[in-house]
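Open the structure in your viewer and keep the selection tool at hand. The stops below say what to select next and what is there.

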Amino acid sequence: MAAEFSAAVDVGLRLCKRIYYGKDAAAAVVSVPPRTAEMSPEVESYLPAALMVYAEINDPAVVDNPDVPSYQPYVHGRCETPALIPLHMHGVSVEVDCCLDTAFVTVGGAWRVHCVSASRSCYCRIAVPIGEQGSVLGVEIETPSKSYSTQLISLQETADAAKVESSKDGFLIKGQIYTLKIPKVSGGTMLSVKVSWSQKLIYQDGQFRLNVPFTFPSYVNPVSKNLVKNEKISVNVNSVAGTEFSFRSTSHPLKRIGEEDTKFGFRCEREVPMWSLNDFNFSYNVCSSEIIGGLLLQSPSTNDFDRREMFCFYLYPGKKSINTKVFRKEVVYIVDISASMQGSQLERVKTAILASLLNLNPTDTFNVIAFNEKTSLFSSSNLVPANKETIKEASEWIEVNFIAKGGTNISAPLNQAIKMFSKTGDLLPVIFLVTDGSVEDEKGICDSMRSQLMKGGLTSPRICTFGIGLYCNHYFLQMLAQIGRGCYDAAFDIGSINARLERLISNASSIIVADITVDALKNLDSLEIYPFNIPDLLSGCPLFISGRFRGDFPKNVEVNGTLAANSSNFVMKMKVQNAKDIPLDKIFARRQINALTTNAWFSGSKELEEKATKLSLLTAVPSEYTTIILVETIKNKLLSNRKTLQEKTVKEQKNMIYMRRLGIGYGNIVATVENRAPENAEPKLYESTEIIFKAASNLCGRLVDCCCCMCFIQFCNRLNDQCAIALTQLCTALACFGCIEMCCDVCSCDCN
């Protein structure tokens, strides 16, 4: 998919070299944008690194300047797969609202269809990277005659389920670039596009870091020398009561414009010679040196389907936690080496595991299990100490035994790992499971793990899971992580495996407070908590718990746990506060929807599915049970019959275009059995049916090309007079149509 998209842009940039902009226009610069570390080699060079709009070209003959037709020689043939020409951008703005660990981002701008003749039209494709663990919240497009906006609908309520299943547009590239296209847009049209999404703030070294994709290639700069380029950036931070806000750094020149209680605002509005060449980065501190926390309460909104009160409990590890002593660990790495893992993905997993081994403390113990339909252990007897000799031996063993082959059996290595732990309480057991496949007994595995980990406490293993691609059941992996009070992450892009897996292992290995409990939760009615088991506090990651309840919280609550420093009791008393101007429902929407979907998958509960559906529709966060539709509004301006008022009325006609479902699904057991590579699960940019249709449309032309001139002369000699006259009249009519088309081009140019 990514290579297909990048190749289409490459063809589009070559096509746009046909365009003549006039003598006074600046030279159009076409350069390859810089590649990130997560990109594969050059095949992905043209993937968007910011909100972009493209003209989708099937017929190269339509490529021309809409203002000054260049009358270039006719281009024979069609693009077998449409080319994508990046449109020139005429303005851009970014609005960001940060609260707790979530950022709500809205990026808007104006683009002109500069590469299509004024008398012709094309589809326009929008593509936008949506940031760390992002969820698309809405897309709005405005043209002079039409407007488009996205909406979420329930899959259960729609009468056009077949249209949803057969829809080919509206999907994610590499799990992080959302793209859709809008129907015919005339050449020279100005498009106004606005995309909103939510993304997670990255917590690192005691700071929250925001990264918004904002890198524009040089070829989106308009060629007009006199065009003013305006760039607007707005950032609002709500640090939440009880925390200390401290601004750290920014990639763009922001000015602090206001401060009100816990709210801080920053702005930047300027004229720029060219569009941004780097992403927008913003970082700040909201915590002190010590561990701090709070508990926020909020009443449901008027349109909320759940009338219970909302709460949010949070703990920040503090700046000192970076160097704080963590628990001694017993670590078992369980790695899938089935045939589907062959290639770069297994190499990337191997690199991350080797790096993790080097970061183990000498007091830790570990083992490595490689599995397909069988299991292979580094140490067949037990866990081994993490000294230099054993780590070197383990690295050599991994190089020899991490060979992709065979099927997938997850149950056996999990049970083997749990039996290895000492259960003495001196060491904290941790399991890291990495897989790219699904198995038939997933619910049975969850039942088995839950029964084995029922006791809890320090001797209960923490299970951390990591999924690769779309063939594995990510809800199964999330359920395992919830049962084991561990962490979960996924890589839908092969290039991101190293960084994401290393970050998961690093964070999960830095437990500073374990077995956390909140006393006030025991006395509440109708309590619903996400996740259902409270995880540990990690030095590299804040802890957030949300939920619903009925009853009354006391004014102060007590939090208890076990400190890693000396295994002593951790006690913190915190004041309960009302959340002001903090949208708790939207901040935790994605996490709660995922938790509800996970539990619905495990239990088969229709009630939980319905609750996830309602929450998805309420917060506009896509789920497994909802889908996006693109609502097209056609504006027809009609003059009123009242001549004295000379007023215009606008009649609107609405059409719906169904998009693909954005859910990640429940894995694919058949694909796992057949050992298909994860890359094969991605949707195609252009389906094979479209390509076949376009190939068939060119069939007649190719057949004519096969006929030589002598055959044509012999054919004409055998025609009678009537047929010859009819053929002459037909050719004359076609020539007239060509003249009329040229006149239309000239007239449209003069009108502009």
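Buried, in this tour, means under 20% relative accessible area, with exposed meaning over 50% and partly exposed in between (1.4 Å probe, protein chains only). This is a predicted model, in which local features need pLDDT of at least 70, side-chain atom pairs count only at pLDDT 80 or more, and totals for chains, interfaces and linings use all residues. Residues are numbered from 1 along each chain as its sequence is written, and side-chain values use heavy atoms, with hydrogens and water left out.

**The whole chain**

Start with everything selected. Helices (H or I, at least four residues) and strands (E, at least two) are DSSP runs, numbered from the N terminus. The chain has 16 helices and 34 strands. Of its 752 residues, 52% are buried. Its accessible surface, from the Shrake-Rupley method with a 1.4 Å probe, comes to about 34700 Å², and carbon and sulfur atoms hold 52% of that. A contact means heavy atoms within 4.5 Å. Among the contacts with a separation of 6 or more, 78% are between residues 24 or more positions apart.

**Helix H8**

Select residues 497-508, which form helix H8. The helix has twelve residues and reaches 16 Å from its first C-alpha to its last, close to the 16 Å expected at 1.5 Å a residue. The expected span is 1.5 Å times one less than the number of residues. Color the buried residues of H8: Ile497, Asn498, Arg500, Leu501, Leu504, Ile505, Asn507 and Ala508.

**The sheet of four strands**

Next, find the open sheet with the order E11-E12-E17-E14, where the pairing is antiparallel. Two strands pair if DSSP finds at least two bridges between them. At the edges are strand E11 (202-204) and strand E14 (246-250), each of which pairs on one side only. From one strand to the next, the twist averages 25 degrees; axes here are lines fitted to C-alpha atoms, for helices over the stretch in contact, and angles run from 0 to 180 degrees between N-to-C directions.

- E11 and strand E12 (residues 207-212) pair in the antiparallel sense over three bridges. Gln204 stands opposite Gln207 in E12. Their hairpin has two residues between the strands, and Asp205 there takes a positive phi near 55 degrees.
- E12 and E17 run antiparallel and are joined by five bridges. Here Arg209 stands opposite Ser283 in E17.
- E14 and strand E17 (residues 280-285) run antiparallel, with four bridges between them. Ser246 stands opposite Asn285 in E17.

**The sheet of eight strands**

A second stop among the strands is the open sheet ordered E28-E30-E19-E18-E32-E31-E27-E29, with mixed pairing. E28 and strand E29 (537-538) are its edge strands, each pairing on one side only. Inside this order, select strand E18 (residues 292-298) and strand E32 (residues 569-578), which pair in the parallel sense over three bridges. Leu295 has Val576 in E32 as its bridge partner.

**Helix H10**

Select residues 589-603. How far apart are the end C-alpha atoms of helix H10? They are 21 Å apart, which agrees with the 21 Å that its 15 residues should span at 1.5 Å a residue. Buried residues in H10 include Ala589, Ile593, Leu596, Trp601 and Phe602. Among the elements that cover the buried residues of H10 are helix H7 (474-483), strand E28 (525-530) and helix H11 (606-619). Just after H10, look at Gly604, which takes a positive phi of about 75 degrees.

**Asn473**

Move to the loop between strand E25 (462-468) and H7, where Asn473 is placed. Is Asn473 buried or exposed? Asn473 is buried, with a relative accessible area of 1%. Leaving out residues up to four places away in sequence, Asn473 touches several residues, including Gly437, Trp601 and Gly665. A polar contact is a pair of N or O atoms within 3.5 Å; within protein, one must be able to donate a hydrogen and the other to accept it, and residues adjacent in sequence count only if both atoms are side-chain atoms. The side chain of Asn473 makes such a contact with the side chain of Glu442 (2.9 Å). A polar atom of the Asn473 side chain also lies 3.4 Å from the backbone oxygen of Tyr666.

**Ser623**

Last, select Ser623, in the loop between H11 and strand E33 (626-639). Ser623 counts as buried, at 5% relative accessibility. Its side chain reaches the backbone nitrogen of Tyr625 at 3.2 Å and makes a polar contact with the side chain of Thr626 (3.1 Å).
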